[in-house]
Amino acid sequence: MVSVVHALPDSGIDEASLTHLLAGLPEDGASKLVAAIAMARELYGEARVGTGEMAFEHGLGAALILASLNLDLDSRLAALLFAVPDYQENAREKMSARWGAPVADLVDGLYRLKNLRPLTLASAQNSVGVQAQSEILRKMLLSLAADVRVVMIRLASRTQTLRWYTDHDTPERADMARESLQIYAPLANRLGVWQIKWEIEDLSFRFIEPATYKRIAKMLDERRMERESFITTAVARLREELAKSGVTHAEVYGRPKHIYSIWNKMRKKDIEFDEVYDVRAMRIVLDSVRDCYTALGIVHGLWQPISGEFDDYISHPKGNNYRSLHTAVMADDGRSLEVQIRTHEMHQHSEMGVAAHWRYKESGNSAKADSAYDDKISWLRQLLSWRDEITDSAAWVEQFKRAALDDTIYVMTPQGRVVDLVQGATPLDFAYRVHTDLGHRCRGARVDGHLVPLNTPLKSGQCVEIVNAKSGGPSRDWLNPTQGYLVTSRGRQKVKAWFAALQEAEMLTQGRSFVARELQREGQTQANIEDLSHRLGFKHADDLFLACARGDVSTRDFQVALRAEAPPAPAEAAILTKRSKLGSGDNGGRILIVGVDKLLTQLGSCCKPAPPDAVAGFVTRGRGVSIHRVECANFRNMAARNPERVISAEWGGGARPDQLYAVDLEVEASDRQGLLRDISEVLSREKVNVTAVNTQSKAGQARMKFTVELAGVTQLQHVLAQVGAVAGVLSVRRG
């Protein structure tokens, strides 16, 4: 190793840093890294990265951070050579030939993430929208990186940038800190790399809230001597008690404080500095889980536990597999002490997270991997894939590189907003995801600056720009599944809703024309449409227009309602049925619900009751009380299934002379020419309005069904007799 260090006398790297950078590497690996340092130094020269930091110093700093996490040689090489694509043509091929394909892949992954800074968090730190975008960005970082080491190098790079900012106050420093706090610290937490997480949080907080940072740091410093004295005494006492209990191999020491976490607890719990439990803290690192619980009992025996401040993350690990015992106790001086208890393995994971597990399986031993190691692999897969399974492979590193992180892709708008979509989504899906109106007016799309068809599948990391018209709507072709324009259900629903609204608009136009024509025919062009709607049983005029367009309101219905003097008083003990839906007179027959006043009622279309038929009510869901003839087969079936919903009803008095009811007539006759004409003449002579006719003829027999409007059962009997007298009619009865 000495010869390697002296091989770079003019590198600008001190011996201690170089030794740290080469730590844990075999001799051939160390020589390779030294060669990479020399190449980067020569290639970058005095060039600077976007923040203003020297490119070589940035790469070296990131590599040193990765070395502290014990990441492998390829990761350290990629950190040093991160900017090579900016200085060499065909950089990937050249790097693959000289440094190996894994290093070339890592650098390529870093380069794809190079310009990913789409959020400006300066003005909306606590915005729900910004938090959602931050979470999408963290997912995007993982989805774009096929190798987890790309994300680790990215975290090291951001940490190095924040370290550089401690000595260089630039206008971008606060924005960079906010972005780091919103995106990179939670990402480090998700990966379990707390060593990086705490540093990112503290440095970012220092730049965003310098006054608060200095105040808490000052309070910590003022009590440092007192705190260190207390910790020294507590550590000695605890070691003695552990030894008495047979726990001889224990590391007990004071735990370093992180200013951002202290401030976060003060803010979330609305407490003062003195009330934060872990300002004074110790950590106990032991050999086994059994020793952890033994130590917990000793701690609780020495000091009084604080209620509600114990967490067993050994039995119930956190989502990122963090394991430890946390407890807070009241010390002899009446002040709190926080204690963490864990094994050496748990401690290694808590400090370095995913980096602690990054190692290649030894060749030939993949089939003999121990179950504990396989459990870690399983956890890491779940952590980074979020919810999906990944493909199987013999070597763990290869498994991870081939893993599909999830079924979501992440693309950006030209303004830098990140949009998440399902795999296979198209520019048209993207347009509807951004805004419904943008989707309706979409006419083309550019992906990374190139025009593409609207059914082109998108990929993570692409920038999508929609070419839209000033007005217009979607095409029905977009709903054709064979053409692949829309993959997301959201997009399809929006297109269907647009055409449904268009159809409704056309029907409203038809309905308005119908109403205008009838008003003109009656010479009442100044009539109050809202009042007219209410008389016909509708809440709003648009409901009337739609009913007219559908044919639910006939010309006769409209004329009867228009000639009515006024709607009945609402205080009466009956609610009028809706003419448009029930086929009754302009205000329907008055129905009295026994024992109940002012209920919405409607005449059953299955049996079409009319006075003085014996009737009963059936309470429906959402449509009031449905009135049926008591002998109605449909009513009897409903009553048998739900007898509790049957309600007594009767015809009320006060019906007007022009009150009409819809009644079905069923006629059986010997078929002959002119039969329908003769029956129609009878109905016309009796001044009966026919609203529907259905006729069928088979083997010389005719079956006819007429829906007519009658004043009541008395008129019905007379009409039945007249129709029955028509030549060829075999029978006529009420439907």
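Tutor: Among contacts in the protein chain (heavy atoms within 4.5 Å) between residues at least 6 apart in sequence, 65% join residues at least 24 apart. This is a predicted model, in which local features need pLDDT of at least 70 and side-chain atom pairs count only at pLDDT 80 or more, while totals for chains, interfaces and linings use all residues. Residues are numbered from 1 along each chain as its sequence is written, and side-chain values use heavy atoms, with hydrogens and water left out.

Student: How many helices and strands are there in the protein chain?

Tutor: Helices (H or I, at least four residues) and strands (E, at least two) are DSSP runs, numbered from the N terminus. The protein chain has 28 helices and 20 strands.

Student: What percentage of the 735 residues count as buried?

Tutor: Buried means under 20% relative accessible area, exposed over 50%, and partly exposed in between, with a 1.4 Å probe and protein chains only. Of the 735 residues, 48% count as buried. One case is Ile37 in helix 3 (residues 27-44), which is buried with a relative accessible area of 1%. The C-alpha atoms of Ile37 and Gly59 are separated by 9.3 Å, although the two residues are 22 apart along the chain.

Student: Which residues of helix 15 are buried, and which are exposed?

Tutor: Helix 15 (residues 289-302) has 14 residues and spans 20 Å from its first C-alpha to its last, close to the expected 20 Å; the expected span is 1.5 Å times one less than the number of residues. Its buried residues are Asp291, Cys292, Ala295, Leu296, Ile298, Val299 and Leu302. Seen down the axis of helix 15, these fall within an arc of 165 degrees, so they line one face of the helix; the arc is that of the directions from the helix axis to the C-beta atoms. Arg290 and Gly301, on the other side, are exposed. The cover over the buried residues includes helix 13 (224-244) and strand 2 (281-286).

Student: What does His347 touch?

Tutor: His347 belongs to helix 16 (residues 344-352). Leaving aside residues up to four places away in sequence, His347 touches Tyr253, Arg283, Val285 and Arg342.

Student: In what order do the four strands of the open sheet lie?

Tutor: Strands of a sheet pair through backbone hydrogen bonds, either parallel or antiparallel. Two strands are taken to pair if DSSP finds at least two bridges between them. Here the order is 18-19-17-20, with antiparallel pairing. Strand 18 (689-698) and strand 20 (729-734) are the edge strands, each pairing on one side only. Ten bridges join strand 17 (residues 661-670) to strand 19 (residues 701-710), and Ala669 has Ala702 as its bridge partner in strand 19.

Student: Which strands does helix 27 lie across?

Tutor: Axes are lines fitted to C-alpha atoms, for helices over the stretch in contact, and angles run from 0 to 180 degrees between N-to-C directions. Helix 27 (residues 675-685) lies across strands 17, 18, 19 and 20, at about 20 degrees to strand 19. Helix 28 (residues 713-724) lies across strands 17, 19 and 20, at about 170 degrees to strand 20.

Student: Where is Ala699 found, and what is its phi?

Tutor: Most residues other than glycine have a negative phi. Ala699, in the loop between strand 18 and strand 19, has a positive phi of about 55 degrees. Ala699 counts as exposed at 80% relative accessibility. Asn90 also has a positive phi, near 50 degrees.
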